[in-house]
Amino acid sequence: MKVVKPKWNKERKNVLNDRYLYDNEKNWDELVERIAKNVQVDCKNILKEFKFVPAGRILAGLGTDTVKTFFNCYVLAFEDVGDGIDSRSAIMDLFTRVFEISARGGGVGINWSPLRPKGSDIKKVRGESSGSVSWMEALDALAGRISQGGSRRGAYMFGLETWHPDIERFITIKKDREKIQNANLSVFVSDEFMKAVKNDEEWDLVFPELSFEKYDKEWNGDIREWQEKDYPIKHYKTVDARQLFNLITDYTHDNGEPGLVFLERYNKTNIANQDEKIIATNPCGEQGLSANSVCNLGSINLTQFIDIETGEILFDNLRETVHTGVEFLDEIIDVNPYYLDKAREHQYRFRKIGLGILGLADFLILKNIKYGSPESYKLMSKVMAFIQNETFRKSALLAKEKGAAPVWDEYMLDNQYIQQLDANVRSLVKKHGLRNTRLLTVAPTGSTGILAGVSSGIEPNFAFELMREDRLGERKVIHWLPERKEELGLPDDVFVEASDLTSKQHVDMQATIQKYVDSSISKTINAPNKATKEDTREVYLYAYEKGCKGITYYRDGSRQGVLRKQEKEKKKEEVSELEKMFKKAGNSVIPHDVNIPKEPPVQLYKRRDNHSRKWYFFIAFADRDYQRPFALFIKTNNYASGDVADWIISKMERLMAAEGIDEELIDEQVKKYSGQSNVDKIARTISMSLRHNIPIKDIVDLLDRCDADFSSLVFHIKKLLEMFIPDGTEAGERCPECDGQLVYQEGCKFCPSCNWSKCD
């Protein structure tokens, strides 16, 4: 039995270092040790081998002394704090909770439908309401300034229901690209609306009558429930349902938003639908959630369950990993540091988990099957049915051992997802109940997919060679499987990119997986630039007909993304800011004979020391392949010892002198550092060494002699520069396994004699 593993490349290391390593952790194995020590589950092996990958918030927070939540996302609702849910006090209360969750690393989904529409009376101040959309803009503007858990910007999902009078304004808000930049937008639709679209019927935009005496006390955001009570409503406008639907798809075609969430379908298929109401989704749409509930996520890496010598799927190993993953996520419910008491109460009652998959596209390549072919749907039905049965089986066994979820009730046995289980699993569920009332969810796994080195979620590979641009900077990314095509005997036709597929093929894969997932799936339907607005309408209708719970659509080129196949020209103002930054970093010490690009590519790396202080490292490169650093700039408010700065300057002077650099030139440039901060002195000296072509290995070896405890800043600089040591450079050490000469490979010490690697 043999499985194939991606190499530890720079892309994986960058994500690991930037997002997940804590304190003085140096590699994935040390992170795994931290995670394994903080749960009562034997998970070390499946984590170390990347068979199971917990969500990013778990990796970043579990076992640390930070206040980070282990849940990637929440859904919050407007709550009555004295004047009803449609009041300024309720809005401010929501804003406060959003800020606190965002600061702890969680994303938030919000249904804004409870808020009165634009132009409505506000009797207490004798004014008019600015409407739900204006409050979205206000929250977006404020939330955009919050960095999540010290490592990322806020992630939000804003949704509005089709009956709300502000719906047209909501659909078109991103016509101005400067508005609502931090949130995804989705229209929440009912089966009734989709029926009206299909039959070309009229559709009423309505809201409760604000003057009704029970409005403040009983309005909960559900217009259907309000009407069933025969309470008065105000009719604002009648529109053609199909035209409203076309407005949605037209803006999606032009801008990639809004998406659609089939909210009524979410509620009908929810296992616990008699005990909770789903009101919104998390930011990526893969979980429909009730108020104060959360995403508790982890994914099975499908690529690690193929024997590449026989082509067989390792179902026994897959079963073991699924069972461990379910138990792991169930325990996260109990060890998470809750900020909101209501979130804790809800999770303890419902015990929701979200076990998913990643690496599907790479899994199909390894199976020699084309993504989007009938064979791919057939295979994934088989695999997902197995995962579904084993997930429910383990939850039932945990219910037997630890007790079912407190909210468990016999009515749940009639749920469609339980009814389609194998007879022996249904019998087990009937006898013991379920430990968890939410079990399967397919998250996007963008960062954790990169960390694992495989394709994200159920997405096809966007491209096998692409430019990626995110907060780590802009860089070229090459997929791991094409270069191993001959070694693994892979045919050319299995290397399918997203653009090779029709929109319906994308939907067909989503619908195939959805059949076995009781929550939902994060999936983007990628369409070519030439796709028409009619194409967009057709695929939205097709997704509904195929049983999906939502759809997100992106037409190539309709807006800026983080992935692209071709380079784009930088804006002049961006170049200007870069030039200012590098001048501040010490441009004056660049030798005239070094060819520095006019528009240097740059990457940002964020690190924390063991006191949770933040360091921001900008590295500029002299080449577009990000292989030759020439400048280091450090932005921080933290302190660096003068002794450390003096030590580094002294050692670097000797290093450059030994390389034949004119000592008078060195002295002249070092004198310019007087009056600078100690951090600036360190950055400028290292930059000067890089610009004089001092080998990076020599700089790293020098820094390695500085005690790491003496300065965590030096430690982080050393670890960053190690990533750019050319492959094959002698490390100057002997292998601990065979005593062979070590070299650097992909920034890590490696023994060509016995294949030992310090990064393994």
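**Labels and their cut-offs**

Modeller: Cysteine 548 is buried, with a relative accessible area of 0%. Buried means under 20% relative accessible area, exposed over 50% and partly exposed in between, with a 1.4 Å probe and protein chains only. This is a predicted model, where local features need pLDDT of at least 70, side-chain atom pairs count only at pLDDT 80 or more, and totals for chains, interfaces and linings use all residues. Residues are numbered from 1 along each chain as its sequence is written, and side-chain values use heavy atoms, with hydrogens and water left out.

Biologist: Why does cysteine 43 count as buried?

Modeller: Its relative accessibility is 1%, and the label applies under 20%, so cysteine 43 counts as buried.

Biologist: What makes cysteine 73 and cysteine 295 a disulfide?

Modeller: The term asks for a pair of cysteine sulfur atoms within 2.5 Å, and theirs are 2.4 Å apart. Cysteine 73 lies in strand β2 (residues 73–76) and cysteine 295 in strand β15 (residues 293–295), so the pair ties together parts that are 222 residues apart in sequence. Strands (E, at least two residues) and helices (H or I, at least four) are DSSP runs, numbered from the N terminus.

Biologist: Why is this disulfide called left-handed?

Modeller: The S-S torsion is about -110°, so the disulfide gets that name.
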